[in-house]
Amino acid sequence: MMRFIIEKRTTKSKYSVFIVPLVSFAISLLLGAIVLAASKANPFAAYKAMFEGSFGNIRRIQYTLREAMPLLMCGLAVGIAFKLKFWNIGAEGQYVSGAIGFTWVVQFWTFLPPVLLLPVGLLMGIIAGGLWAGVPGTLKAQWGVDETLTTLMLNYVAIGYAEYLYIDHWKAPFGNMGTPKFPDAAILPSVWGRVHAGVFFALALVVILWFILYKTRWGFELNMIGKNPKAARYQGVSIKKNIIMAMLFSGAIAGLAGAIHTSAVAQKLTTGVNGNYGFTGIIIAWMGGLNPFGSIIVAIVMAALSTGAGQLQIALKLPEAMGAVLQGLVLLPLLAGSLFNEYHLRVIKKGAE
Amino acid sequence: MDFITKLLAATIAMGTSLTYATLGEIYTEKTGILNLGMEGTMLMGALTAFATAYNTGSLFLGLAGAIVIGAIFSAIHAFLSITMRANQVVSGLSITMFGTGLANFLGQRLGPQTNNFNLVGMNLQSKFNNIAIPGLHKIPVIGAFFDVSLLTYALYLIIPFAWFYMYKTKYGLAIRSVGEAPRTASAMGLNVARIRYLYTIIGGMFAGLGGACLSLSFTPSWNDNMTGGKGWIVIALVIFATWNPGKAVLGTLVFGGITSLQFSLQAAGFRMVIPSQFLGFSPYLITFLTLSILTIANQKRKSLFSAPSALGTSFAIDEK
């Protein structure tokens, strides 16, 4: 008789960081192949179509990168809150708040000279996102109100309010929904085909966050609170202040993501403003090991899975929902595999213990 | 009077699905497991129920299918979050993503060949119709409770039982101890992992049933994303019910009522004073406020509020 037990690793394995995701990904491909074969599609042809759909030519690559940007930024946003074990699952709402704040400035602050529209609009997106996250952050820090549930609820308030704005209150006189198109001065320019200037913000944030988290005293404090809040308190670190600060920061990044994407891609506030980027961002932060650079890779993979799904529909007549199925199949084995970063399996022969 | 009776009837019809799923999630959360996979699980339940009923002609097989698929999906969540100690939030979200995708995909695969294998636009030969209880259903207002489908009548038994089981039996005590203080529960000889598995899976079965209520009774059809966020309202309703299965129905009536009122006023051609989107997000706003106020008030008086202390945390005996 043999028994398996799961044991905490005493030393962190150097290789597991790379091997676990690779093995998980291989399992995902296999599971995906089974689903594809079951729906009478050739798995090789399907994966080829998906790859072509996401990286097949320059235009496709640009499109995938454009999708990856808000995902990456939302991943970075929630990642910083996750560092101190604060479960901000409200990036979706903070993203939408950012989009609303941006729209408000560029549509209604007509007294601004055009050159200021974009910077002030983005700033308002940052503020709106920050405030939307600051409320649950303060509630948690001051009174211990459960943040997972409050941030989740606030998502739907923001989404519903945005819907009210673009269907009713801010609706353009023509058409049945959406605000008028933003003035040209409020649209982030393209830097490489479909890739817009938001890419600079996204990459700068990766570097800034990495620097903050690993090179500054604040990052050290956040890490300490996440790993051992008691020790942090003995060291005189204010947990309350850090929770609020981290949430403001987290919401600000998500809000900026919403402002940027609305400015450069939708170019008006309209249906689809909540592109699920905030929710997917949670997955990205987690899968990227809460490391800003790791998030880049995961964000591109997730974006490629959704842009590639379109090609599945065109080339193989498969429903586009197949993309979400495959995304799920990538995530579930990875989640299961994440155990092996901190634990390992030990086989025990009965009686030998 | 007639208007109120009709409104109540619409509320009950809409609330049935929510109540099943809310009861399920309450049991899951009471053991300390947060299952954010509700939306995906409900949608898979709705799809399975409809596809089974459509292809076999049996409503009850449809229900059974929804229960089985609900169990499978929540078992994945249980496996990931209990055995593999994955983060519960991430695991739940992944299951919602996977479940919604798979349901929408299968909806375009399990239909008849004549409709290009699509289930959208297909009709069932029968559905769970309302059964009026002679005499009782004529009482004004209250009568609405006695002209409902079999799925709703079942709830009249399930809700009191769910309350009794949670608060008056040793099994309920075990659930609550595991959710409040897993370490103590384990020291007392309870198998924390097994209890969490069991009620996460039962919770998923109820979510599957909740989905089936939609596709077999409320709107007997299949449409992409037909749950339309009901799985998230369920998370809100659990809080609103303060994790008490007996109160699950209250929140359902309030929020189902808000939605029904919105529809009937629009149908009656009223110019809404409150925009419909405000009514749409009001359940979430009310839940947010309820949760915040209750938590703050609870700091002074302990008994008001009963969020399971260990909600969302993993537990393993070998860890400190």
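**A quick look at two helix pairs and a chain contact**

In chain A, helix α4 meets helix α5: A:G93, A:Q94, A:Y95, A:S97, A:G98, A:A99, A:I100, A:G101, A:F102, A:W104, A:V105 and A:V106 touch A:L117, A:V120, A:G121, A:L122, A:M124, A:G125, A:I126, A:I127, A:A128, A:G129, A:W132 and A:A133. Contact here means C-beta atoms, placed from the backbone, within 7 Å; helices are DSSP runs (H or I, at least four residues), numbered from the N terminus. This is a predicted model, where local features need pLDDT of at least 70, side-chain atom pairs count only at pLDDT 80 or more, and totals for chains, interfaces and linings use all residues. Residues count from 1 along each chain as its sequence is written, while chains are lettered from A and ligands numbered from 1 in the order in which they are written.

**α4 and α5 of chain A**
- α4(A) (residues 91–108) packs on α5(A) at about 145°, with axes 7 Å apart (lines fitted to C-alpha atoms over the stretch in contact; angles run from 0 to 180 degrees between N-to-C directions).
- Their contact has 16 nonpolar, eight polar and no charged residues (nonpolar: Ala, Val, Leu, Ile, Met, Phe, Trp, Tyr, Cys and Pro; charged: Asp, Glu, Lys and Arg; polar: the others, Gly among them).

**α3 and α8 of chain B**
- The axes of α3(B) (residues 59–83) and α8(B) (residues 192–218) come within 7 Å and cross at roughly 140°.
- That angle makes α3(B) oblique to α8(B) (oblique is what remains after under 35 degrees, roughly parallel; over 145, roughly antiparallel; and 65 to 115, roughly perpendicular).
- Their contact splits into 18 nonpolar, nine polar and one charged.

**Where the chains touch**
- Chain A brings 41 residues and chain B 42.
- On chain A's side, α6(A) gives the most, with 14 residues.
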